[in-house]
Amino acid sequence: MERSYEELKRQMEMIDEFIEQAYEGMAIVDADGYITKFNYEKLLGIKEDEVLGKHVTDVLENTRLDVVLKTGKSEIGDIQVIGGKQVIASRIPIERDGKIIGAVGTILFKDLAEVKYMADYIDNMKRQMRDYKQELKRLNQAKYSFDNIITDNSRMLGLIESARKAAETHSTVCISGESGTGKEYFAHSIHKASPRHYGPFVRINCAAIPKDLLESELFGYAPGAFTGASSAGKIGKFELASGGTIFLDEISAMPLEMQSKLLRVLEEREFEKIGSNVKIDVDVRIISATNEDLRMLVSKDKFREDLYYRLEVVGIKIPPLRERKDDIYLLAENFLNSLKASYAEKKQFSKSALNVLISHEWPGNVRELRNVVESSMSMAEGNTIEIADLPEYLRIMAGEDQATSGEATDLITASLEMSFSCDSLNLKHCVESVERQAILEAMRKNKHSKTDAAKMLGIHRTQLYKKMKKLGLEVEEE
Ligand SMILES: Nc1ncnc2c1ncn2[C@@H]1O[C@H](COP(=O)(O)OP(=O)(O)OP(=O)(O)O)[C@@H](O)[C@H]1O
Ligand SMILES: [Mg+2]
């Protein structure tokens, strides 16, 4: 008996404690409306002993517990004014064997203003979350499709065909090719043409992320996984790309340990976040890209052979622009067209300028061509883009300059032959040093006339001003 009593007492105390903590206010009345439990001390300053046994209507203003006893119907979330404050009250009848034996009244918040604040806060959080979700979706979307890949070259058309076929499958694709050949365009296009195009397209540049951070970028981490980790944890790119495609750009830069981890993930098709042992399924198509020869890296033990075979189920090797010179004209035309909007009217390359473009080797490939078209277009004054409008390095390499018919080249050669004081072999410093000497020489030869010197250098006068300013040579308007 004693034990049962002690147990009961303990349980009652627990309930009291619960009531005390869970609600700002709570009252229990019997079937006639007399108070048997009262916990409004915090809110009204009335102690329980003072009111036990009193009728609720005599103690609580605006109470409706007496009404609930009569109707037997709960009233949830009603607004009640107590002590000059609006509070949210709920009243629930207590039934036993179909008879009402009492009622409970509770108050969840002290003040309606507090509830409103909470509701606004939650609304605000929801809005922010919606915005972030949209932004995340926008950022993780493929931007280009096969229609954006301009080419008339049979090898390229064949590659597009293979890429289209691969897009329909789940196969892993590895795109290789020199910088600026359009690897990223292919990756976006494959995702867009795949059945996963509704899903996200998440890009990660393995070369741009410090070695130590790559794992958490790829796989994320659990809250507080390591010192300095965010308490909210982090979602990795693999999880972010779920249902879509992950594009591992510059895969050759991935450190060997990460290669092993990636291989394991690809084989098991599941992974764990850092600091967690919960397995997450990988529902992701993988596209990788590299401008290095992975096979060569494998032979030098810099890239895992087993990973190489896993990634290169479908291999797309984009040829450099110099091996598809037939595309140069088409690409240049297209870039001229797309840039037209910014330069009012469309311009055309002269035949000789076009020849320079065709004979150039394009180490920067299509990206370089696009930049050349853009800069020549802005330089050309008339409707025709001449050799003189091409960037300096192309004119020099072409070995001709229409304004000076070879004089500029002689000048550069002379400057190169001069012993220049370059502290290091840093290419930028060396080029600047040669440029400085060529400019000074041209100024000297032309009796300090900038117009004539610019002509001799084969550049526009404004360009000469800019260069002189950059090189710290004295600039005076003529
Ligand atoms: N076939 C193409 N048609 C139209 N534009 C192209 C084509 N190929 C490349 N480009 C242009 O060249 C730029 C570079 O392409 P992309 O970013 O796909 O190259 P990449 O191979 O990924 O280079 P990197 O190795 O330097 O990252 C693009 O922004 C685009 O303007
Ligand atoms: Mg790229």
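Which domains give residues to the shell around ligand 1, and where does ligand 1 lie relative to them?

Reply: First, the ground rules. This is a predicted model, so local features need pLDDT of at least 70 and side-chain atom pairs 80 or more, while totals for chains, interfaces and linings use all residues. Residues are numbered from 1 along each chain as its sequence is written, and chains are lettered from A and ligands numbered from 1 in the order in which they are written.

Now the site. Domain 2 (146-318) and domain 3 (320-391) both give residues to the shell, so ligand 1 lies between them. The domain bounds come from an automatic or database assignment. The shell holds 15 residues, each with its backbone-placed C-beta atom within 6 Å of the ligand. Ser179, Gly182, Lys183, Glu184 and Val366 are the closest. Two helices, α8 (183-192) and α16 (365-379), each give two or more residues to this shell. Helices here are DSSP runs of H or I, at least four residues; strands are runs of E, at least two. By type, the shell has four nonpolar, seven polar and four charged residues. Gly counts as polar here.

Next, the sheet. It is open, with five parallel strands in the order β7-β10-β13-β6-β14. Pairing takes at least two DSSP bridges between two strands. β7 (201-205) and β14 (314-317) are the edge strands, each pairing on one side only. On average, neighbouring strands are turned by 15° against each other, direction ignored. Look at one edge. Five bridges join β7 to β10 (residues 245-249), and the two run parallel. There, Val202 stands opposite Ile246 in β10.

Notes
Axes are lines fitted to C-alpha atoms, for helices over the stretch in contact, and angles run from 0 to 180 degrees between N-to-C directions.
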